[in-house]
Amino acid sequence: MSPAGPAQLRAGAARIVAEVVAHGRSLDELLAAEPDEGSARGLKRSLCYGTLRWHFRLAAVLDALASRPPDQLHPQLRALIEVGLYQLLSGETAPHAAVSETVSAARALGFDKAAGFVNAVLRRFQREQADLLHAVDRDLALRTSHPRWFVDALRRDRGEAAGAVLEANNAHPPLWVRVNRMRGDPDAAVAALIAAGFGATRHPLAPDALHVEPPTDVRSLPGFVDGRLSIQDAAAQLAVELLAPAPGERILDACAAPGGKTCHVLERTAGAAAVTALDVSPARIERVRENLTRLGLEAELQMADVAATSGWWDGRPFDRVLLDVPCSATGVIRRHPDIKILRRAKDIPNLARRQAELLEAAWKLVRPGGRVLYTSCSVLSAENERVVAGFLGKTHGARDLTAELTTGWPARAADAPGYQVLPGETGMDGFYYACLGKSL
Ligand SMILES: C[S@@+](CC[C@H](N)C(=O)[O-])C[C@H]1O[C@@H](n2cnc3c(N)ncnc32)[C@H](O)[C@@H]1O
């Protein structure tokens, strides 16, 4: 396929942004469905990521600039102007090219009559940028480009730390890899990466995690293709430290797909734990299969709802259950900026209810003396501390072991169960862990 020209690229980015904003589609899915456009792919992706990351701020600027009511603009035209504003703000494109190619993109999208309007809006932004941003940025939600409900919830839950979380959500995500202990050790992997011209550093708490710089196509990393490295954020890798699986144990990964933690558990136990990887989604369970195959690992795969035990469980209790619940994913916004747009306040109570049901179901599957590790990539206490506190309050024989298992980790307030990592802490994604022991 011939590479797309600069105007087509911007038009393509605007189509994708509009699908997310106006139709609630997922950015990952939209990008996966795009044809391979060679070297143009990177620029289009970065326009989509950047525009969506800054959507709330850009939309406020556009509302201040547009002479006609914003809801009268076609979603693709709005998205295109946001793509243009993003380019002017990011400084990655020369301003004259950003304006002229965005105006050409309006024509490429079929908005010939609006080309003059696009030109006028972008040029006025260039002239009045300082004043416009000064007015918009007085509002924390707009300055950091987040929905207001989320900023309010974060402030309520995380107090003074909220500002740093909002900033961290707008940073470009770092590349973390996991070293496969069955095929090498982390120091050797660091040496191989450095010899190949990358920066590589270990994480203070996650012993298999390496921070690799600069972020790159992972297939170019020495050791990725032959299964010595996998992509996984250090926060996700900490789950295995708390689960502490041992060879010979029966372990259930109750929400397993795409299988990052299933594979980590198997690598840590030298493939000698009996791991059941279960997920309710048929498409996603295939991802677990692919990941196991790539790494030469074996687990029993089950496509089922963990709570509907009659359909899949033989009644033999597990030594350990990992419950990595479906959640708002508000801890991984830096990797998935469309979450800011797709997630709504009303989703949170529904998620929390489901998470509580899944925790109750998982508890029944673990033997006395065993443990359930509840994890989520949310930063909201409604999905984390409050779910676990509610469970502990009504479950005889359940004890929160997290504090004693995290003694070497940065201290946390002792008034809530579990342990919350906030986005950006030692370079990690936001993640929550609660390790719950069942008394004998
Ligand atoms: C956060 S993701 C899991 C990520 C995975 N643990 C990893 O590390 O790669 C949550 C998963 O839970 C699955 N899920 C949601 N409800 C479920 C249920 N009732 N039973 C089993 N799996 C479920 C979803 O399909 C999704 O794949």
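A residue is termed buried if 20 or more other C-beta atoms lie within 10 Å of its own, exposed if 12 or fewer do, and partly exposed in between, with C-beta atoms placed from the backbone. The structure is a predicted model, in which local features need pLDDT of at least 70, side-chain atom pairs count only at pLDDT 80 or more, and totals for chains, interfaces and linings use all residues. Residues are numbered from 1 along each chain as its sequence is written.

A270 is not a glycine, yet has a positive phi of about 55°. This residue is placed in the loop between α13 and β6 (274-279), where helices (H or I, at least four residues) and strands (E, at least two) are DSSP runs numbered from the N terminus. A270 counts as exposed because it has 10 C-beta neighbours inside 10 Å. A244, also not a glycine, has a positive phi of about 45° and lies in the loop between α12 (234-243) and β5. With 14 other C-beta atoms within 10 Å, A244 is partly exposed. For context, most residues other than glycine have a negative phi, and most peptide bonds are trans.

E213 and P214 are joined by a cis peptide bond with omega of about -10°, and P214 falls in the loop between β3 (209-213) and β4 (229-231). A cis peptide bond also joins A257 to P258, with omega of about 5°. The loop that holds P258 runs between β5 (250-253) and α13 (260-268).

At the level of domains, whose bounds come from an automatic or database domain assignment, the protein chain is divided into domain 1 (6-145), domain 2 (175-231) and domain 3 (234-438). The centres of domain 1 and domain 3, taken over C-alpha atoms, are separated by 37 Å. Their contact takes 10 residues from domain 1 and 6 residues from domain 3, two residues being in contact if their C-beta atoms, placed from the backbone, lie within 7 Å. On the side of domain 1 that touches domain 3, the elements giving two or more residues are α1 (6-23), α3 (40-53) and α4 (55-65). Of the elements on this side, α3 gives the most, with 3 residues. By class, this side of domain 1 has 6 nonpolar, 3 polar and 1 charged residues. In this classification, Ala, Val, Leu, Ile, Met, Phe, Trp, Tyr, Cys and Pro count as nonpolar, Asp, Glu, Lys and Arg as charged, and the others, Gly among them, as polar.
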